[in-house]
Amino acid sequence: MSESHPSDVLRKMAEEKLAHENDDSSPPRSAEELLHELQVHQIELEMQNEELRHAQIALEIARDRYVDLYEFAPVGYLTLSHDSKINSINLNGSSMLGEDRKKLLHRSFSNLVAPEHHDCWLGFFSDALEAIDKQTCELTLQHADGKRIEVRLDCLRIKTDDADTELRIALTDVSEQKRLAHVLEDNNADLSRAKSLADKANLAKSDFISSMSHELRSPLNAILGFAQLLEAGNPLPTPSQKGRIEQIIQAGWYLLGLINEILDLAMIESGRHPMKMENISLSEVLLDCQSMIEPQAKKKGIHIDFAKVDEQCFVYADRIRLKQILINLVTNAIKYNRPGGAVNVAVQTNSDGRVHIGVQDSGAGLSAENLKQLFQPFNRLGQQTGSEEGSGIGLVLSKRLVELMGGRIGVESVVGVGSVFWIEVHLTDSAESDVSEFALLKPVHDVVQAAIQAAFRATPEPFPLMVAPRTVLYVEDNHANMMLMEQILERQSGIKLLKAGNGASGIALARIHVPDVILMDINLPGISGVQALRILRADPATAHIPVIAISANAMQRDIENGLEAGFMGYITKPIKVTEFMEVLETALQLSQKIKDAKKEADK
Ligand code: MN
């Protein structure tokens with residue numbers, strides 16, 4: 001902008017200047033007045049000239065600045081005529097187009113566009129000439145030497161003085177941006193490929209684990225089952241034979257424990273069994289643990305004390321897993337205790353919204369070195385040579401489980417005094433109603449459970465001789481397991497065994513013979529034992545028959561699910577012959593009662 005003054009101001013300034021120069025002269029006469037006038041004009045013009053010179057200098061500076069901006073802007077600027085000829089272009093623009101500026105002027109921009117984008121460019125160009133507002137597109141340009149760059153074009157149509165139309169274009173090099181986007185896309189694709197591979201591998205791993213569980217347990221069932229039959233067989237084994245059989249049985253159960261723990265850990269790691277988190281009553285969990293663990297403590301002569309917990313104390317956890325952890329800790333506390341020692345389970349709520357459950361033993365305690373090695377698989381801290389069996393996986397498993405529940409696990413120990421293994425889980429406000437999908441079957445299940453528990457509590461009595469032969473149907477696809485069952489039941493008088501190799505033939509046999517009790521394997525070819533159970537329950541002819549699951553699926557979750565599904569009992573392979581016979585006897589008696597009740601009702 002010129003800073004020229006309005007002419008009247010200049011005139012006034014000129015007059016003042018002249019007046020100042022003629023300071024001491026007398027008042028002007030008329031010729032003198034004219035001269036004076038001219039002199040004023042002259043000075044006025046000189047001053048105007050000066051103003052103009054200043055304005056021109058300012059203009060030149062502004063122009064230089066503009067040219068710098070134009071030429072060295074980080075984008076290319078160019079104007080195209082209505083027939084796409086380059087009218088002007090800045091330095092950066094010409095370097096983006098890979099040519100000297102002079103060679104580019106008056107050339108058609110279309111010739112610089114990569115062949116495959118030609119049509120796209122022509123369409124865009126004619127649209128942009130018509131459009132009023134800014135238009136944008138992305139293109140690939142190709143240099144004379146074949147080099148290609150990706151650019152974004154921001155275009156604005158301009159009407160020039162001679163009524164012609166020009167297109168002003170800002171060119172931005174987006175090659176790097178595009179390259180990064182491609183890299184990102186590729187990386188994402190790689191990532192999702194890797195993830196789906198990992199998912200597949202995980203699934204394969206879980207399937208492998210679950211079939212391995214089955215494959216390992218089935219032969220173990222035969223080994224342990226037949227060994228138990230030998231032990232109690234007829235003729236009775238000699239004392240030395242008995243000793244050897246005991247070794248087989250003991251090693252078998254130890255192997256089973258190992259298999260269970262390793263499989264459970266692997267299952268957790270594979271994510272196959274996610275935590276089933278809910279609000280659960282801590283006092284209920286502790287009471288359950290107490291009743292499960294007390295016989296074990298008694299046997300070892302260890303005094304065990306469980307803290308009394310308010311019934312209104314709820315924690316957010318997986319019920320089965322929390323029990324599993326506590327039982328593991330308490331079992332360890334009993335195992336690694338001194339003779340006549342004590343175990344104390346204490347509960348205390350923290351201010352951070354967690355509950356602290358500590359299991360204190362009066363064992364040998366752990367050294368600092370030992371403490372470091374805790375929570376590592378197969379590390380039994382020098383107990384390997386001791387009389388206690390264990391894989392050392394229990395603590396590893398407990399740690400994983402507590403952490404999956406958002407809790408903590410730890411230990412404090414004093415050598416010679418004992419250790420406190422503790423866990424912390426989140427407290428919560430209230431119990432949530434837990435409506436099971438098998439809720440309809442629940443009443444049956446509860447009655448049956450009560451009966452089974454009563455049977456377990458009572459000291460087993462010799463099996464009463466029944467006059468009428470009783471029929472048991474066993475649905476099992478494993479030959480050795482079927483043979484074992486035949487030989488177990490052979491020793492019982494008055495039980496007739498029906499055999500089915502799969503669910504469908506089991507259901508058919510059940511409909512024809514209406515057995516007193518059905519024993520059902522879960523993993524069967526064709527329909528599973530659970531599906532077979534549902535079909536039996538839905539049929540009025542077979543709905544009343546107690547069905548006991550005998551399965552190699554021995555995870556606590558499998559057992560609870562099985563009982564919820566409506567199995568009267570759930571026996572895991574390998575079978576403990578005596579326990580199995582107790583459950584079977586309870587089922588047979590229940591079956592008899594149901595039959596009697598039906599007869600009464602039919603009268
Ligand atoms: Mn099977």
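Guide: A residue is buried under 20% relative accessible area, exposed over 50%, and partly exposed in between (1.4 Å probe, protein chains only). This is a predicted model, in which local features need pLDDT of at least 70 and side-chain atom pairs pLDDT 80 or more, while totals for chains, interfaces and linings use all residues. Residues are numbered from 1 along each chain as its sequence is written, and side-chain values use heavy atoms, without hydrogens and water.

Visitor: What is the relative accessible area of R11?

Guide: R11 forms a salt bridge with E37 (a side-chain nitrogen of Lys or Arg within 4 Å of a carboxyl oxygen of Asp or Glu). E37 is partly exposed at 37%. R11 is also partly exposed, and its relative accessible area is 28%.

Visitor: Which helix holds both K372 and E369?

Guide: The side chains of K372 and E369 meet in a salt bridge at 3.6 Å, N to O. K372 is exposed at 62% relative accessibility, whereas E369 is partly exposed at 45%. The two lie 3 residues apart, about one turn of the helix. An α-helix has 3.6 residues a turn, so residues three or four places apart point the same way; the helix holding this pair is α10 (residues 368-373).

Visitor: Why is strand β13 largely enclosed, and how many of its residues are buried?

Guide: R470, V472 and Y474 point one way from β13, and T471, L473 and V475 point the other way. Residues on both sides are buried. Strand β13 (residues 470-475) is largely enclosed by the rest of the structure because the number of its residues that are buried is 6 of the 6.

Visitor: Which residue of β15 stands opposite V475?

Guide: β13 pairs (at least two DSSP bridges between the strands) with β14 (residues 495-500) in the parallel sense over 6 bridges. In β14, the residue opposite V475 is A500. β13 also runs parallel to β15 (residues 517-520), joined by 4 bridges. In β15, V475 stands opposite M520.

Visitor: Which residue with a positive phi follows α11?

Guide: Helix α11 (residues 394-404) has buried residues, among them L395, V396, L397 and L401. These buried residues pack (heavy atoms within 4.5 Å) against α7 (239-270), α9 (319-335), β11 (408-414) and β12 (418-428). The residue that follows α11 has a phi near 80°, and that residue is G406.

Visitor: How many salt bridges does a search of the whole structure find?

Guide: Some charged residues are linked in a network of salt bridges: D352, R354, R408 and E424. Across the whole structure, the search finds a total of 25.
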